[in-house]
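Thanks for coming. Please have a look at the structure on the screen before I start.

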Amino acid sequence: MSVQVFGLPVSRGVAIGRAVLVASSRVDVAHYFVDAAQLPAEIARLKQARDIVSQELGALKDSVGGDAPAELAALLDVHLMLLHDDTLAAATRHWIVERRYNAEWALSAQLEVLARQFDEMEDEYLRERKADLEQVVERLLRALAAKGAPLSPVVPVAARDFAGEDPLILVAGDISPADMLHFRGSVFTGFVTDVGGRNSHTAIVARSLDIPAVVGARDASRLIRQDDWIIVDGDSGVVVVAPSPIVLEEYRFRQRQSHLERERLSRLRAKPAITLDGLKVELLANIESPDDCVAALAAGAEGVGLFRSEFLFMNRAGALPDEDEQFDAYSRVVRAMNGLPVTIRTVDVGADKPLDRISAAELRHEHILNPALGLRAIRWSLADPDMFDVQLRAIFRASAFGPVRLMIPMLSRASEIHATLEAVHRVRSRLDQEGVARGELQVGAMIEVPAAALSMPLFLKYFDFVSIGTNDLIQYTLAIDRADESVAHLYDPWHPVVLKLVLDTIRLATAAGKPVSVCGEMAGDLEFTELLLGFGLRSFSMHPTQLPAVKQKILRTDTQRLQALVAAAVDPESTQAFIQPLARQTRSA
Ligand code: PEP
Ligand code: MG
């Protein structure tokens with residue numbers, strides 16, 4: 001029977017494929033297809049891991065002394081039985097042979113199947129055996145990791161190039177932003193998660209990968225079963241499980257239409273973004289890794305407006321990237337952009353971008369009470385001056401290869417501004433004393449905390465440019481956690497106070513003759529293009545995938561017609577429902 005699950009649409013497009021359920025804690029398990037000729041070697045890997053675990057458990061059992069509780073030996077027997085039971089052993093092999101999943105992936109897929117069966121058991125004792133099963137699988141995964149991946153047998157293949165394979169869609173309780181980034185070019189053509197908000201960093205990374213995604217779909221990972229056919233509608237937030245042939249055909253049609261539309265838009269690549277009344281607008285790219293420069297240039301970006309450097313720092317078990325590694329990443333971006341400006345934002349970890357693998361839900365519920373209000377972004381950098389100096393040195397060195405703008409996230413007060421600028425001066429002087437090659441940096445601030453938006457004269461006094469981070473500005477103005485699906489309906493970019501802060505920031509910066517851009521998700525959202533133009537914005541930074549459609553909107557806009565829209569948007573009683581018809585009238589006028 002077909003079922004629909006509703007969540008938040010965060011990355012547009014339609015994906016149709018088979019569900020791959022992965023426990024959030026195992027999202028980082030390697031997922032790749034095994035080349036047909038190498039299947040026996042992969043099965044041998046699995047068997048070898050099983051032998052190792054079998055020996056481990058046997059040795060443990062032998063070492064249990066006579067004075068140990070009897071339950072201990074019995075428990076080890078249960079683990080041994082689970083290890084060799086066909087529901088794990090044979091079924092895992094089945095995933096490898098039939099689907100050509102690598103051993104780790106096959107194991108975690110089968111674990112998900114069995115975990116559900118345990119959850120549904122009436123008998124409490126049996127239900128609790130799920131934890132034992134998880135421990136056995138954990139041991140097997142460790143044994144596979146210890147042996148390492150085979151040297152040549154596997155071929156990581158993107159699903160799209162893998163003719164004959166069904167497309168696959170990842171379904172998980174949660175995916176961290178850093179894990180999501182690892183799925184670039186992976187086998188997955190869509191994502192569904194139970195938790196997350198529209199502008200959570202996981203959602204932002206999914207958008208940047210341009211893979212249809214629905215987050216905050218609450219029960220999705222419970223309702224969807226391993227291998228179910230599902231449709232992910234990244235435009236409406238609906239996930240259709242086991243669709244009927246008619247529904248399937250309708251979505252396939254939409255898939256084709258959206259491909260055609262993208263192809264059409266890509267022809268705008270070289271066209272400058274100029275409004276109908278002749279105003280030139282700068283379109284920049286948001287990137288998460290040096291590899292994204294290819295997409296930025298292909299989309300016709302005129303530079304990088306936001307390089308989220310924190311992804312270099314995440315999931316490394318606390319071992320931060322050193323100066324050379326950072327220099328290498330930053331200079332790769334600067335060189336790739338070939339003379340176009342590159343805005344490098346200093347590290348913004350914390351909140352829903354923890355340094356190490358811990359989910360946003362865990363952070364929220366178990367570890368840190370208010371991570372979004374905690375040691376995040378510049379606060380984190382200033383709390384560790386040595387780490388901050390290393391990053392600044394690397395950015396200065398990269399600026400020898402092209403124009404670089406240094407951008408500071410989450411500033412909210414004069415003392416932070418002074419401490420930041422002192423660090424910049426200190427690092428610059430030291431590099432000069434050492435005779436290290438560097439360029440000049442423009443230094444800018446993100447305006448993403450209401451305290452910053454309300455003290456623009458201070459920011460304009462000290463910084464060369466500002467960039468509005470609407471994602472956080474909304475979160476902090478409205479006191480709504482951007483990653484929490486339970487309050488997602490209150491995360492409202494149309495709130496007149498949010499829009500008033502954006503408008504005032506643009507007006508004050510423009511009046512002071514300082515460049516101002518928007519690099520939050522609002523910049524790439526077609527619903528806001530006209531309004532931001534009406535606010536006076538002339539520089540937008542967004543994911544490369546959003547750029548062509550925004551350009552098309554700009555090409556069709558006459559900014560002379562936007563006054564009424566602007567006035568309505570910041571009216572204290574205004575709402576999205578009130579403004580949108582007005583925007584439509586503006587277009588048809
Ligand atoms: C923002 O807050 O709008 C922004 C661009 O930064 P991030 O989404 O990385 O917090
Ligand atoms: Mg931000």
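I will go through a helix, a lysine in a loop and a charged patch. Keep in mind that this is a predicted model.

Let me begin with helix 19, which covers residues 470-478. How many of its nine residues are buried? Eight of the nine are, and the helix is mostly covered. The buried ones are T470, N471, D472, L473, I474, Q475, Y476 and L478.

What do these buried residues pack against? Among their partners are three helices: helix 8 (201-209), helix 17 (450-453) and helix 20 (496-511). They also pack against strand 10 (304-308), strand 14 (465-468) and strand 15 (516-518). Just after helix 19 comes A479, with a positive phi of about 55°.

Next, the lysine. K514 sits in the loop that runs between helix 20 and strand 15.

Which residues does K514 touch, if we leave aside neighbours within four places in sequence? The contacts are L460, K461, F463, D464 and A509. Take K461 from that list. K514 and K461 are 53 residues apart in sequence, while their C-alpha atoms are 9.8 Å apart in space.

Last, the surface. E122, D123, E124 and E128 gather there in a patch of negative charge. One of them, E124, belongs to helix 5, residues 124-127.

That is the end of my part.

Conventions:
Residues are numbered from 1 along each chain as its sequence is written. Chains are lettered from A and ligands numbered from 1 in the order in which they are written. This is a predicted model: local features need pLDDT of at least 70, side-chain atom pairs count only at pLDDT 80 or more; totals for chains, interfaces and linings use all residues. Side-chain values use heavy atoms; hydrogens and water are left out. Patches are made of residues with over 30% relative accessible area and no salt bridge: like charges are joined within 9 Å, nonpolar side chains (Val, Leu, Ile, Met, Phe, Trp, Tyr) within 5 Å. Accessible areas come from the Shrake-Rupley method with a 1.4 Å probe; for residues, only the protein chains shown count as cover. A salt bridge is a side-chain nitrogen of Lys or Arg within 4 Å of a carboxyl oxygen of Asp or Glu. Lys and Arg count as positive and Asp and Glu as negative; His and the chain ends are not counted. The place of a charge is taken as NZ of Lys, CZ of Arg, CG of Asp or CD of Glu. Helices (H or I, at least four residues) and strands (E, at least two) are DSSP runs, numbered from the N terminus. Buried means under 20% relative accessible area, exposed over 50%, partly exposed in between (1.4 Å probe, protein chains only). Contact means heavy atoms within 4.5 Å.
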